[in-house]
Amino acid sequence: MRQDDWVIIDGDAGVVVVDPSAIILAEYGFKQRQNELDRGRLTRLLHTPAVTMDGQEVELLANIEMPEDAAGAIKAGAVGVGLFRSEFLFMGRQGKLPNEEDQYQAYKRAIEGMQGLPVTIRTVDVGADKPLDNSLRDDAYFNPVLGLRAIRWSLADPAMFLTQLRAILRASVHGPTKLLIPMLAHAHEIRRTVALIDRARAELDNRGIAYGAVKIGAMIEIPAAALALKVFLKYFDFLSIGTNDLIQYTLAIDRADESVAHLYDPMHPAVLGLVAGTIVQGKAAGKDVSVCGEMAGDVGFTRLLLGMGLRSFSMHPAQILAVKQEVLRADAGKLAEWAVQVLAQEESPGRRRAHRGLLHGRRRSPTGETSLLTAGKRRRNGPKGTDTAV
Ligand code: PEP
Ligand code: MG
């Protein structure tokens, strides 16, 4: 690829075309205008409440990566942030971690940016596909998918974790805030995490610093967590299902490895069983359950998730109106009967659909947008991570 070459990123098909011919360029130009028209039509739904035809209210939340993304979430009609991936504050800093004040200011900006709507801040999830710093990819810093990632990394460095917890607790005085913990699997990890949250509160008390009432939730993204939910229901106020990792770990498919992407199947009966089981058990215990992986923002899964009983979806802001359209057309009662049949199937019912839609979890564009840009003049259309494909 040379400077000023045209590059087409087809987020829908997961394809990048470098230096396309005139015919391909014209074809994609047409597709792009068509997408813009479709999106224009959807903006009519911006202020329409997300309620199914049979009156079920559905919460459509945004996933964000930086405090500044809050503005886009509001503009897209999100009723809150269901996942603030705080690791992006930690990444690309040559290993120098943000201090309590830096983090507090960042969380405060996100919370204030949401103008009174709730913000769920996930504690840092570096490792695997999100290394702290690419230049530091040696044994100490490059964490493979099964390694020292997310909460494991936080618990290995309690001082660092406490700094983040204090910053989030402090920021919670500026608006409704929830705290979300990634990648938990063991009861002892849960107990240590809860103890450290208590300790962070105590440290702020000792310093005479105010903090808000923060609900604590756990990501369900390791099969062990979904299969041993009881301990999660005991300690946490809410659950958020991370389907990107849940699929990866259930099927033993590295979500960043193209060579096995054809086996990354959200519709595999094992995956659907874990998702449905978590929703049913969570709701039966009176806990809020959300899905914040890419499945939540893919309209191909909206009806099935509604049928499983899900009423809270968190996704890239660009997907909110398309998912809302599906919700408005849905009859949740009928979908519940249909979902029972889908869950009973022995084979993955939608392999083709699954392959097309969810390659890589976070790494592909969830917008499904087609963007035309030149190598010298990059224009960001998708979320961070989208244009890494260029
Ligand atoms: C997930 O695993 O589905 C998720 C939302 O977290 P992340 O993509 O950041 O790992
Ligand atoms: Mg995850």
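**View 1. Helix H9 and the shell around ligand 1.** Helix H9 gives 3 residues to the shell around ligand 1, which is the largest share; helices (H or I, at least four residues) and strands (E, at least two) are DSSP runs, numbered from the N terminus. The model is predicted, with local features needing pLDDT of at least 70 and side-chain atom pairs pLDDT 80 or more, while totals for chains, interfaces and linings use all residues. Residues are numbered from 1 along each chain as its sequence is written, chains are lettered from A and ligands numbered from 1 in the order in which they are written, and side-chain values use heavy atoms, without hydrogens and water.

**View 2. Polar contacts of ligand 1.** Polar contacts here are pairs of N or O atoms within 3.5 Å. Oxygen atoms of ligand 1 lie 2.9 Å from a polar side-chain atom of Asp-245, 3.1 Å from a backbone N or O atom of Thr-243, and 3.2 Å from a side-chain N or O atom of Arg-149.

**View 3. The magnesium ion (ligand 2).** Its protein donors (N, O and S atoms within 2.8 Å of the metal, or 3.2 Å for Na, K and Ca; water is not among the atoms, so sites may look incomplete) are Glu-221 (OE) and Asp-245 (OD), at 2.0 to 2.1 Å. Because Glu-221 lies in the loop between strand E7 (215-220) and helix H7 (223-227), and Asp-245 in helix H9 (residues 243-251), the pair ties together parts that are 24 residues apart in sequence. Both Glu-221 and Asp-245 are buried, meaning under 20% relative accessible area (1.4 Å probe, protein chains only).

Technical notes
Buried means under 20% relative accessible area, exposed over 50%, partly exposed in between (1.4 Å probe, protein chains only). A polar contact is a pair of N or O atoms within 3.5 Å; within protein, one must be able to donate a hydrogen and the other to accept it, and residues adjacent in sequence count only if both atoms are side-chain atoms.
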